[in-house]
Amino acid sequence: MRFADAVEFALASLRKRSLRTFLTATGVMIGIGALVSMISFGKGMQKNVSDAFKSSDLFSTLMVMPGGTEVPSGDPADRPRPPLKKEGRMDAVLDDAAVAGICRIPGVRTAYPDINFPALIGFGGGEEFRLVQVVPAAIAATKAVQVKWGRPYASDDEAGVVVSRSLLRRLGTAEPAAAVGKTLRITSVSIDLGQLASLDLAAVFSGKGSLVVRDAHDFPIVGVTEITPFGGGGAGPVGNAVLIPPGTARRIKRLPITSIWDLFRLREGRLGYSAVSVKLGSLRDLEPVKSRVREMGFTTFALADQFDEITRGFYVMDMILAAVGMIAIVVAALGIVNTMVMSILERFREIGVMKAVGADDKDIKRVFFVESGAIGLVGGAAGCALGWVVSLLINRVVNIYLARQGMPYIDYFAFPLWIFLGAVGFSLLVSLVSGIYPARRAARVDPVVALRHD
Amino acid sequence: MNAPPLIRARSLAKTYLVGNVRIPALEDVTLEVGEGRFVAVTGASGSGKSTLLNLLGGLDTPSAGTIEVGGALVSAMDREALARYRRFGAGMIFQSFNLIPARTALENVELPLVFANIDKKERKRRAAELLAKVGLAHRANHRPPELSGGEQQRVAVARALANGPRLLLADEPTGNLDSRTSREIVGLLAELNRGRQLTVVMVSHEESLVREYAHDIVRLRDGRIVATESLS
């Protein structure tokens, strides 16, 4: 029997039982749709993170931390000590001299300390407590910040700040362009050690005096960034909602520490920085710069080193998502088996007739294989369309919600061509495997018994 | 029997196992059918006529004995060889016609040609020719439910002849037909027998119907041949 004839036989049979064929193919469609959505979501996340890394220069950024300490943020007790830490020396202090030394290393474009201080941000009648990040003008002008409205501050001493769009939205300003040029108030707090020196504790505790001093400054907003959940101003070394140039930041009285952990890093009265971000000329400079920095007694952390780990993590995520999608496929496969077995029972006599006029076991198997394959092919193709449409809908709904939170539009799903081709191929494979038992059973039909069958 | 035998069946037996009970359907049947003969197998219901025909047609395999058709040992064939034998060696027609209801008369006749890997155009041509031969050219595109019993049996005859077998086996082909149509069908088989030198073995419980055309009559009772009669 020719393949074209088997296709004709199979399609005629499927058309005859159109409702059952439709329902079975729908089962396959839902299964494949779920699988396509799951995998495209995993790929979308991977693409977004990868693109964000590439677009924000994170690969050419090296984080330098003091030797022998934990990473600069988070609870140290919860963190396992990374192996890199062994290379740092306990006595190396990451201060301005060290930053200047790092800047002199060949391949280093610039290095700036990671300085954050808590402050009350006031704008347009709204107030919010945020960390203000001190970022040099040279960095504010790079892809690491990505000012979308207005401009980055021109120098390290310009009295101007860059804020994120999401902060403006939280403070009640929906239009970022309109905020450029308007004044933002930064109110920092510091401890007045003079109060302690005068031992006027009675005044402090009676509420007439206070150790805490508020220091308010008004700055024009010169630029607004678009914060995305995957980077582009929202991840990595530059990630805060308010950025201020170092010269301007010096005018603000503020706490010298951002966490209690800073106190443990005091070395002979010298309090170094928690971390220093080092911008490299290119990714090729990473290894030599890392070596030089370690020789200086500091610990390094490069995202480029971690990217393989992240990629491996995405593979695991893909597999988990695919496993969830597979549940629907297994159910669909059982549907195909059920449909095909029912088809044998209904066409028992027809199989007998085919055998009586010369069909061999292979011919019968071929007809049933093609039939189940056709269900898989149609269901798979429809499943791709379903998965695509559902993913677009989910993407739309999520983005509408996120837009209200001030987040920009993001494609959470990615649809490379191989997902569709793979899904249809996989659907065909599953349907053919599902057809093995029914096809064998049909081929074993005894023609004498079948021809007697009513 | 003047012509050389096309069929040689020796000590043929078929036993069915129903539960633990062995039911003999055919016992020690030895039969020779010459090429171009029209042989009628008669007997009461349950005498083993259809079982004998199923064995000769390669639909079933004997429990004992041998069947040789045109020099090929049918009783020793595997499943694939039996399918090939059914495709090319022996055409069969049945009491209940056994046409596929969803397919037109032409498509039913095409069926054996499909399994013989004949291309579509040639299939259509041959099937149309065969339908014309049995007088149904004008009914080619009708489905079996739209045809009378006699017409359906004619379609079945055309289908049985599709791959040009030397042997036609007819299992009670008139069982579902009225007497006039029955005579027409037997007449058609006789015509094919004479015109094409087609060997015909026809099972019937109505001996009177076949006496006019048959060369030989084989009578079966309780699975055994009790008499053979040569009419010409």
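**View 1. Strand 2 and strand 10 of chain A pair in the antiparallel sense over five bridges.** Strands (E, at least two residues) and helices (H or I, at least four) are DSSP runs numbered from the N terminus, and two strands pair if DSSP finds at least two bridges between them. Strand 10 covers residues 276-280; in that strand, Val276(A) stands opposite Pro113(A). This is a predicted model, in which local features need pLDDT of at least 70, side-chain atom pairs count only at pLDDT 80 or more, and totals for chains, interfaces and linings use all residues. Residues are numbered from 1 along each chain as its sequence is written, with chains lettered from A and ligands numbered from 1 in the order in which they are written.

**View 2. An open sheet of four strands in chain A has the order 2-10-1-11, with antiparallel pairing.** Strand 2 (108-113) and strand 11 (299-302) of chain A each have a single partner strand, so one side of each is left without a neighbour in the sheet.

**View 3. Strand 1 and strand 2 of chain B form a hairpin with two residues between them.** Strand 1 (residues 5-18) and strand 2 (residues 21-34) of chain B pair in the antiparallel sense over 10 bridges. The bridge partner of Arg8(B) is Glu32(B). In the turn, Gly19(B) has a positive phi of about 65°.

**View 4. The axes of helix 3 (residues 105-115) and helix 4 (residues 120-133) of chain B come within 9 Å.** They cross at roughly 120° (axes are lines fitted to C-alpha atoms, for helices over the stretch in contact, and angles run from 0 to 180 degrees between N-to-C directions).
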